[in-house]
Amino acid sequence: PARRLLDLIASSGIGRSEMDEPRLIDKIRALVDAIVDGFDADIGVFAAQTQKLEEFLKDEEARAQSKAARVLGDIAQRDRQVVAGGHVESELKSRLAHPELPDFIANFLDQHWRRVLVERFVHTGEDSDAWREALGAMDDLIWSVQTKDSAEERERLLARLPELIPRLRAGLAELDPAQDQEPFFSALLRLHMAVLNRTAPPAEASPEPTSEPVTPLTEPSAKAPEASAAAAATAPPSATRASELPEAPEEDSDRYSRLAQALDVGAWIEFQSFRGTRKTLRLSWVSQYRGVYLFTNRQGDNALTLAATSLASHLRNGTARLLSQDPLTERAVTQVLEQVGGDAGKTP
């Protein structure tokens, strides 16, 4: 229990600024005083004080996460904005190639539902219920216009239509609540009636919702450069252009790239500026799409974004180093054993 408390005290000091160090020191002083006053033979006093320090740090962490939430949300959204077009295109490609897909349904998905998918991907991400709902509504629409040979399939279609149509309307309304959706849904109704009655689809041209001309969003948004600009604007004073760094052997380059890619959220990195000043920041977020890293201090601010290649360059150039995650006492014991082993091998 005593070693655990020492490890916790040591780790709690990482990433501290001069402004919040006094608050932590006051807390540690109170814990040590309580141990000195209360310890006799019961080692439970160490566990009790460790729990108090853990609660103190947990409250700090909650405040830091709350402060960083907005920054995290903004950068994650910009990250998705860059890849949204290609991501949505990959979802649409196989569906639009379905052999039984009527042209006007394919047109609707390609021009209008594509925009719904892009908006939901950018604003909520692919792990959200809204994104999964948009994909599900698209798949249900495609299924609903396919030939239904059995009575059971037609009954299932009849049961699912009342909830499918509102889902499609809701998605379109997110783009433009004033959009005239009736031409499309009237044509869709006629197609569904043909499927239910096992008759040929209507031969007349099927209109789509009235709207301004839409350009399929298959390319990254024009807002994409903002992400790069934000990353450049928030680079640390020690940032050096990759082209200005000395060339490294390929095996070293790969080693530092692998080190950057292997970092987990929560890792602490010490950055050094060209003036020699040091700043310790925690990895708070990693882009799952573009290899962008967001670092913050212990208070959740002073955000810094770096591309994976830039971080690898800093690690290679010595302007950044990964701080050990091993407990303090474990490192101290290891060093002592190494010294003892080295001394034992020397000749008197």
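**Entry 1: the hairpin**

I take two strands as paired if DSSP finds at least two bridges between them. The model I consulted is predicted. With that criterion I looked up strand S1 (residues 268–272) and strand S2 (residues 278–286), which pair in the antiparallel sense over five bridges. I noted that S1 and S2 form a hairpin, with five residues between them. Gly276, in the turn, has a positive phi of about 95°. Gln272 stands opposite Arg278 in S2.

I then asked where Ser273 is placed. Ser273 is in the loop between S1 and S2. Is Ser273 buried or exposed? I recorded a relative accessibility of 9% for Ser273; since buried means under 20%, Ser273 counts as buried. The side chains of Ser273 and Thr277 are joined by a polar contact of 2.6 Å.

**Entry 2: the other side of S1**

I turned next to strand S5 (residues 320–322), which is joined to S1 by three bridges and runs antiparallel to S1. Two of the facing residues I looked up are Phe271, which stands opposite Ala320 in S5, and Ile269, whose bridge partner in S5 is Leu322. S1 is mostly covered, with four of its five residues buried.

In what order do the five strands lie? I read the order as S4-S3-S2-S1-S5, in an open sheet with antiparallel pairing. Strand S4 (304–307) and S5 stand at the edges; each has a single partner strand, so one side of each is left without a neighbour in the sheet.

Helix H3 lies across S2, strand S3 (292–296) and S4, and H3 runs at about 65° to S2.

**Entry 3: the nonpolar cores**

I looked up the largest nonpolar core and found 37 residues in it. Those with the most contacts inside this core are Ile105, Leu109, Trp113, Leu117, Met138, Leu168 and Leu188. At least two residues of the core come from each of helices H3 (44–96), H4 (103–124), H5 (129–144), H6 (151–175) and H7 (182–197). Which helix gives the most to this core? H4 does, with eleven residues. Apart from this core lies another, of 17 residues, which includes Tyr256, Ala260, Tyr293 and Ala320.

Leaving aside residues up to four places away in sequence, Leu109 touches Leu92, Leu96, Leu101, Arg114, Met138, Leu141 and Ile142.

**Entry 4: H4 against H6**

Two packed helices are described by the angle between their axes and the distance between the axes. For H4 and H6, I noted that the axes come within 9 Å and cross at roughly 70°. Angles of 65 to 115 degrees count as roughly perpendicular, and H4 and H6 are therefore roughly perpendicular to each other. On the H4 side, I listed Phe108, His112, Trp113, Arg115, Val116, Glu119 and Arg120 as making the contact. On the H6 side, the contact is made by Arg167, Leu168, Gly171, Leu172, Glu174 and Leu175.

Conventions
Residues are numbered from 1 along each chain as its sequence is written. This is a predicted model: local features need pLDDT of at least 70, side-chain atom pairs count only at pLDDT 80 or more; totals for chains, interfaces and linings use all residues. Side-chain values use heavy atoms; hydrogens and water are left out. Buried means under 20% relative accessible area, exposed over 50%, partly exposed in between (1.4 Å probe, protein chains only). A nonpolar core is a set of buried Ala, Val, Leu, Ile, Met, Phe, Trp, Tyr and Cys residues joined through side-chain atoms within 4.5 Å. Contact means heavy atoms within 4.5 Å. A polar contact is a pair of N or O atoms within 3.5 Å; within protein, one must be able to donate a hydrogen and the other to accept it, and residues adjacent in sequence count only if both atoms are side-chain atoms. Axes are lines fitted to C-alpha atoms, for helices over the stretch in contact, and angles run from 0 to 180 degrees between N-to-C directions. Angles under 35 degrees count as roughly parallel, over 145 as roughly antiparallel, 65 to 115 as roughly perpendicular and the rest as oblique.
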